[in-house]
Amino acid sequence: MTTTWKADWVDPRSTALLVIDVQQGFVNRHSRSVLPAVVHLVEGWQAAGAPVVLSRFHNEPGSPYETITGWTRLRTPEEQALVSELAPYTSGAAAVIDKAQASIFTPEGAGIIRDAGWTDLVLCGIDTDACVYDSAMAAYQRGYRPWIVVDACASSGGSEYHNAALLLAARNLGAAQLVNTETVLSQITGRQGAQT
């Protein structure tokens with residue numbers, strides 16, 4: 001389902017990596033296996049000098065998640081914490097955005113992305129079928145070019161939800177926007193190296 005990255009579209013100075021909600025409360029038997037790919041992507045991205053943004057979801061009391069669907073997880077500091085594997089990379093992040101909604105495009109998030117002048121947003125994280133997909137669609141609707149790194153995303157609900165989200169993304173964003181970790185890193189590091 002992945003395609004070849006269009007290297008001529010991407011410049012590390014205008015392309016940010018958005019690491020969506022890789023938090024303790026979203027890690028389970030369905031999503032745990034994606035952590036090494038996420039860390040590898042973040043490590044390579046920061047080594048190339050390209051910007052990384054991390055997000056953390058907080059499910060506030062009285063949220064639609066609680067009042068409509070009855071979902072009350074991601075309330076405690078332990079659940080809301082980023083996974084320990086990302087701890088070495090938080091200090092080098094361009095931003096850490098706390099959000100009470102699925103999309104990273106909160107007023108703060110939208111402002112950070114706009115003010116930085118990024119044109120391409122590379123997304124990875126958990127859940128593919130919720131916050132990653134919603135952030136990619138919000139980016140698209142605002143005129144940014146979203147890329148979803150399929151092997152660095154997972155759904156805590158299981159592979160069927162992950163695959164369903166990628167199917168929708170291929171239809172609504174275009175199959176060309178689905179890429180894998182190694183392709184993305186080879187383009188970012190290759191282009192960065194060519195500029196120095």
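These notebook entries record what I looked up in the predicted model of one protein chain.

**Conventions.** I number residues from 1 along each chain as its sequence is written. The model is predicted, so I note that local features need pLDDT of at least 70, that side-chain atom pairs count only at pLDDT 80 or more, that totals for chains, interfaces and linings use all residues, and that side-chain values use heavy atoms, with hydrogens and water left out.

**Entry 1: overall layout.** I listed the secondary structure and found eight helices and six strands. Helices (H or I, at least four residues) and strands (E, at least two) are DSSP runs, numbered from the N terminus. Along the sequence, the chain follows the pattern β-α-β-α-α-α-β-α-β-α-β-α-β-α.

I then looked up the dimensions. The C-alpha atoms fill a box of roughly 50 × 35 × 30 Å along the principal axes. The radius of gyration of the protein chain is 16 Å, which agrees with the value near 16 Å for a compact globule of 196 residues. That radius is taken over C-alpha atoms, and the globule rule is 2.2 Å times the number of residues to the power 0.38.

Entry 2: Buried means under 20% relative accessible area, exposed over 50%, and partly exposed in between (1.4 Å probe, protein chains only). The chain exposes about 8,600 Å², of which carbon and sulfur atoms supply 52%. These areas come from the Shrake-Rupley method with a 1.4 Å probe; for residues, only the protein chains shown count as cover.

Of the contacts with a separation of 6 or more, 80% are between residues 24 or more positions apart. Contact means heavy atoms within 4.5 Å.

I counted 13 positive and 19 negative side chains, with the centres of the two sets 5 Å apart. Lys and Arg count as positive and Asp and Glu as negative, while His and the chain ends are not counted. The place of a charge is NZ of Lys, CZ of Arg, CG of Asp or CD of Glu.

**Entry 3: the nonpolar core.** The largest nonpolar core has 64 residues, of which Val19, Trp45, Leu86 and Leu121 touch the most other members. Such a core is a set of buried Ala, Val, Leu, Ile, Met, Phe, Trp, Tyr and Cys residues joined through side-chain atoms within 4.5 Å.

Entry 4: In α5 (residues 107–116), I found Gly109, Ala110, Gly111 and Ile113 buried. Their cover includes β1 (15–20), β3 (95–99) and β4 (120–126). Just after α5, Gly117 takes a positive phi of about 75°.

In α6 (residues 128–141), the buried residues include Thr128, Cys131, Val132 and Tyr133. The buried residues of α6 pack against β1, β3, β4, β5 (145–154) and α7 (159–174). Gly143 follows α6 and has a positive phi, near 90°.

**Entry 5: backbone exceptions.** Most residues other than glycine have a negative phi, and most peptide bonds are trans. I therefore looked for departures from this. Asp21, not a glycine, has a positive phi of about 55°. Asp21 is in the loop between β1 and α1 and counts as buried, at 0% relative accessibility. Leu74 also has a positive phi, near 60°; Leu74 is found in the loop between α2 (64–67) and α3 (77–80) and is buried at 0% relative accessibility. A cis peptide bond joins Ile126 and Asp127, with omega about 0°. Asp127 is in the loop between β4 and α6.

Entry 6: I placed Ala48 in the loop between α1 (35–47) and β2 (52–57). Ala48 is buried, with a relative accessible area of 6%. The C-alpha atoms of Ala48 and Thr189 are separated by 5.4 Å, although the residues are 141 apart along the chain.

His162 lies in helix α7 and is buried, with a relative accessible area of 13%. Leaving aside neighbours within four places in sequence, His162 is in contact with Thr128, Val150, Cys153, Ala154 and Ser155. His162 and Ser31 are 131 residues apart in sequence and 9.7 Å apart, C-alpha to C-alpha.
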